[in-house]
Amino acid sequence: MTSVLEKPETHEILKPVEMDLLRQTSGAGIEWFGRAATALYYAYKIAQRLVLSGTRESEVILPSISCATPANAALLAGVSPRFADVDPATGMPTLQSIQQRWNPNTCAVVFIHLFGQTVDLRPLAEWCRDKKILLIEDIAQALGARLPDGAPVGSVGNLSVYSFNPTKIIECGGGALIIRSPELISVSKEVSGAAPLPQEISDAEARTLGLSYRNLHHSFVTLLRERAIGDVSSAFLKVQPAFRGLYLRPMTNPGALLNTWPLLRDILRHRYINAEKYDAAVSSGPWKRLNQWQESGVCWRYSLLFDFADKLVQFSEAVRQDGFHVSNLYWPINDFFRTSDKCPNADRFARRIVNLWVDKTVDQAWVRRCAESVLRNAERFAS
Ligand SMILES: *Cc1c(COP(=O)(O)O)cnc(C)c1O
């Protein structure tokens, strides 16, 4: 399948990767992009056209714990993001919390396999079928993971979104959209014909804008976490048009993905072994471990839910002072895009989660020292 969006040579070079992905997911077709954000943008456009004939206000249901990108791509596509609260144990939405956000304008649900975790998607897929809306799987953080029944992630959604950009499992650049059925392929062609990719911004401009966006997001998360202000969404939404150019980008380096693809198994193994090291070292303490990666086979970041929410910032800072990467930047995105979608579990989750690195920048010795720092500092702040 070739579309107006992709350069034919991209399509040819990536044939081996395409064949692997389509075989694993039983997909009917694939579109290559520069980002998962772009794949999401077209996924929303497809859902809007197929489900609502593009005639009505349309909404998509997203998890409240996520980076802001899936919601930003929805705004760009002219679809309103709605936010489902999460299971406090995993940070992922439940069928019930998703159902609560449904209304006749809903055209799709995005399920994000957060931190590499998977769930049985069959009940959600069945409900989406009944409602005649699309299920979009976002596997940016779960490339190569297995669902609880052993099937690969990306094999259930009507559309599945991949990211190969920095901080993800494979970091060589790019994104993809897997399209489940021939019917959806024809809608995809219509949509890409009607809304081709805009003129590309330069890499330098993308870097500058990206940095600005990150700083803005960090600042707002800090204000919310410290309860220094109740609402940031009006300010946040007002400046979003400045960042439009960041989201819609073509695949520019297919050769890099072709070369990196065969390394996926080794990359996942490195991450898994690091996660096992953490797991052995932090088996008890004032936290809960998110250990579904043991089932899915993929650990994006090793994640702990700490008991002491009010000291989390000081704790993270202390571990950073010891020289280790830790992040706790995922703030409920309903607070940025739609404050009326209350997500109390997501708020509690965001105040307690800490992510530790397992990627190629760290080895087992690093993990052991990082775990020691976590143990030492947790003891300090828990008391
Ligand atoms: C990073 C990420 C994206 C965006 O990926 P890009 O390729 O940078 O656009 C989308 N969804 C999730 C869950 C992500 O973690």
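How many cavities of 30 Å³ or more does the count come to? The count comes to two. The model is predicted.

Start with the nonpolar cores. The largest nonpolar core holds 105 residues. Within this core, Trp-32, Tyr-44 and Phe-336 touch the most other members. Helix H3, residues 36-52, gives the most to this core, with 11 residues. A second core is separate and has 28 residues. Among them are Val-282, Phe-306, Phe-308 and Ala-318.

Now turn to the empty space. Rolling a probe the size of a water molecule over the atoms shows where such space is left. The largest cavity has a volume of about 50 Å³. Its lining includes Phe-115, Gln-117, Leu-290, Gln-292 and Trp-293. Cys-299, Arg-301, Tyr-302 and Ser-303 also line the largest cavity. By class, this lining divides into five nonpolar residues, three polar and one charged. Arg-301 is the charged one, because Asp, Glu, Lys and Arg count as charged.

The second largest cavity contains about 40 Å³ of space. Asp-120, Leu-121, Arg-122 and Leu-147 are among the residues that line the second largest cavity. Pro-148, Asp-149 and Val-156 line it too. Here the lining divides into four nonpolar residues, no polar and three charged. Asp-120, Arg-122 and Asp-149 are the charged ones, because Asp and Arg count as charged.

How values were computed: Residues numbered from 1 in each chain as written. Predicted model: local features only at pLDDT ≥ 70, side-chain atom pairs only at ≥ 80, totals over all residues. Heavy atoms only, no water. Core = buried A, V, L, I, M, F, W, Y, C linked by side-chain atoms within 4.5 Å. Buried < 20%, exposed > 50% of the residue type's maximum accessible area, 1.4 Å probe, protein only. Helix = DSSP H or I, 4+ residues; strand = E, 2+ residues; numbered from the N terminus. 1 Å grid on protein atoms, 1.4 Å probe; cavity = no way out; pocket = protein on both sides within 12 Å on 5 of 7 lines; lining within 4 Å. Points joined across faces, edges and corners; volume = space filled by probe spheres on them.
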